[in-house]
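Here's a quick briefing to read alongside the coordinates. Have the viewer open and follow along.

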Amino acid sequence: MKRLNNLYYSKRIKELLAELQTAGTTLVVAPMGYGKTLAVQYFLQEQERCGKKVLRQSIYGAGAEAFWQGVCHSWQNTELGAALLQQSLPADANAKTLVLELFRQLLPQEPVYWFIDDLHLLESSEAIDFLFALSKAGFADLHLLLVSRGQIFDGSRLLELGRKVFCLDKHDLALQRDELAEYSSRCGLQLTTQQLDALHEACEGWFSVTYLNFLNYDRYQRFCLDTGSVYEMIANVLLRPLPSEQQRLLLLMGQPEEFTQEQVAYAYGASCRESVSRLLECNAFIIRLANGRLRCHHMLKQATRHAFGLLPEAEQQMYFRRLGQWYAQQKEYEEALDWLYCGRDFDGLLAAVQQLRDWSMRPQHRQHLFDWLCECPPEILWQYPQAVLIIMRRMFSLNMVPEMLQVKEWYVTALERNTALSQRERDNYYGELEVILSFLAFNSITGMSEHHRRAYKLLSGAPQTLSKQGIWTFGAPSVLGLYLRTGCSLRQTVEDMQECMPPYYLLSGWHGAGAAELTEAEALLLQGRIDEVDMPLQKAYYQAEKHGQECITICCDFLEMQRDLFRGVYSSKAEAYSRHKWQLQPWKQSMLLNTADMCAGFYYALLGKPEYIPSWLTDGNGQQPSVLYPARPCRNYISAQCLLAQGQYTELLVRWSDWEQECRPYSNFLCLLYLQVQRAAAFAGRGDVTSCRASLKQALAMAEAELVLPLAQNIALLRPYLEQEAQGEYSAAAAAALRLGQQLEAGRGQILSTRFVEAGLQELTEQELQIAQLAAARHTNREIAQRLSLSEGTIKQYLNKIFAKLQIDAAAKNKRHQLERFFPNS
């Protein structure tokens, strides 16, 4: 009896698969058709029989978003899965740290096998970086099984993983000569030695081609060893010999990534259950998945899709339309969209869109978003104003503003033409439109507020376009960095924020709570009114913590750090931020970790402790962690301050034009002012007097007498130039900056002497202490060396370590003179 569809695993393969039980990460890399997926599935089924937990994920597209959706789906119904849903695919070091911490804390306390198939389809470097980080972390109970046609990790990463990774390739999976003989015998084929030799030589152990030859031999008593294409073999062996009905059914099976028998029958449009069952019985290229669905092997899928494309266009559209309607009936609305569009079923398409309030959108949807509305007949479009509204929201998030404004006109027309709407429904739709249009007025507080007030009057409930969980600051650590548009509008900005935020709080459920009070506190600090900052700052803390607005709390911390520098108080929050020992729970958005880095980096730059600055703030290699676009000007001026602290004056000037340009789209005046001051400081650091004076004059003109904080924070490099300007055109601003800068230097000096220098003395070894005392007593290196029986070179190395521990600048003059204040009796 022929058993051609029976799966075959040799003893050698079973022994190799047993190794997967002890491997943290297994890489199975081989060309298509070598049985990679089937081998891993066989191993996983054995584990499931033993009660082990198995997760499966297949890659069906190149995009990072689809990959992350698959990750979250794999871990659904677990505590870890719920936490991962709050994150996006980690794209930087902070985000990876957070997600790995989630895995460390929330992994089930039992062995878990996580199988990810077809990674060769994935084109996201962030996804591969994440899988590498997960492999490197090496969680004891997590077994990663990664399958691909091509290389997953490069050679250097494989070396780094070492024994944490186990690799299988095509040589491991290929059928050997004796295994081919056993396989053919189990299938019930009686092959001669010569036939086996010829087949093994032609197929080279390629499992799928061997199987196709078995089918062909069973039907025609001959092998097809000279076929140029495996896809042509599939068409000749599996497709063309079928009756017409079964051919159509097989073509339909190859269209979705996964399918069910009921789905194929629905798409075909007639009762065909018996034909579907017969196809499944005689075709090993159709795989039954753990979720109960079916899937065509890639080779069969490609062959059937090619044949499907040769059908008449009207027939193709009919099948597409039915597939889309099937997904819509199953409430798989995102899956339905492309099928309905290809089937030209715009009525069904827009009806599906209306079900997608939290639409995450796939990459292909971004390409077709505008096409859907352009090609939709107007009489259909007018019946679905809610769908048009949802598409408008997505267009704004994709920065498709011109298209969005065009769709706005269609939206208004749709509302006016739809006579079935009640006045309340119509008002709600117009209210949602006002919320969306408010984003186009960013960063005009009053402009946005006009839309918010109109929306509040129109809406009968909470708007669907706003989420209290979103990051109100876009990841920036400063509210005025986002919303101050001109130098003369500081007071007006504070008043506008105090007037406009309460209506927004009512509309959004206290999204951004504390921003109005924080704006007032920031304005006072910018003016140098240090002692007046406390009250509005504490009010901002209270509101932000009361309403769960972590992004505002971080901004409060950033302001408090800067304030405490003037008071000579070391910020424990800065230390906590720099070590990520802060109070945000690990399932919050990873972007706020980058905000925390910016806060700590800026603080330590002002303190003169560049060794504590997170490296990504100054790397400049294009791989900086993410903040949303409106927050990038804030990130840039913070990076500039960090470069100044490191003495990288030329690097700052090289990047300055790009940074300055990023402040222009939203008129980020405060960020522009910081960059202008920092440019002057960089020229001063390079000794370029003329350029420094020119840049400083521009900064003083921008700052006038109010916005003196950025000047004061750069007093170390700008003091002589500010002293000159104090006698000139901008005397008020220069004098105010000098006074505030003197206060800052006093506070900074107090922190360094109490927090760092005393700690440095305690860190000195007995030998270092002895050398430091001798150097403070004005002994030369030679004298110290002779006295301690050491070489002069050794003494020099010791002194460099001593200067570093005592916070004495290695480039400063009279370093030994500075030692005297630590050892006055020497």
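Predicted model: local features only at pLDDT ≥ 70, side-chain atom pairs only at ≥ 80, totals over all residues.

**Helix 27**
- Helix 27 covers residues 490–508, and its 19 residues reach 26 Å from first C-alpha to last, close to the 27 Å expected at 1.5 Å a residue.
- There's a kink of about 30 degrees at Met 501, shortly before the proline Pro 502.
- Met 501 is also one of the buried residues of helix 27, and others among them are Leu 490, Asp 496, Cys 500 and Tyr 505.
- The buried residues of helix 27 pack against helix 24 (423–439), helix 25 (445–458), helix 26 (479–483) and helix 28 (515–526).

- Five strands form an open sheet in the order 2-3-4-1-5, with parallel pairing.
- Strand 2 (53–58) and strand 5 (165–168) each have a single partner strand, so one side of each has no neighbour in the sheet.
- From one strand to the next, the twist averages 15 degrees.
- Strand 3 (residues 112–117) pairs with strand 4 (residues 142–148) over five bridges, in the parallel sense, and Phe 115 sits opposite Leu 145 in strand 4.
- Helix 6 (residues 125–137) lies across strand 1 (25–29), strand 3 and strand 4, running at about 145 degrees to strand 4.

**Thr 304**
- You'll find Thr 304 in helix 16 (residues 298–308).
- Thr 304 counts as buried because its relative accessibility is 1%, under the 20% cut-off.
- Its side chain reaches the backbone oxygen of Lys 301 at 2.9 Å.
- Leaving aside neighbours within four places in sequence, Thr 304 is in contact with Leu 250, Leu 251, Gly 254 and Gln 255.

Definitions and conventions:
Residues numbered from 1 in each chain as written. Heavy atoms only, no water. Helix = DSSP H or I, 4+ residues; strand = E, 2+ residues; numbered from the N terminus. Buried < 20%, exposed > 50% of the residue type's maximum accessible area, 1.4 Å probe, protein only. Polar contact = N/O pair within 3.5 Å; in protein donor to acceptor, adjacent residues only side chain to side chain. Contact = heavy atoms within 4.5 Å. Expected span 1.5 Å × (residues − 1). Bend = angle between axes of the 7 residues up to and from the residue. Pairing = 2+ DSSP bridges. Axes fitted to C-alpha atoms, helices over the stretch in contact; angles between N-to-C directions.
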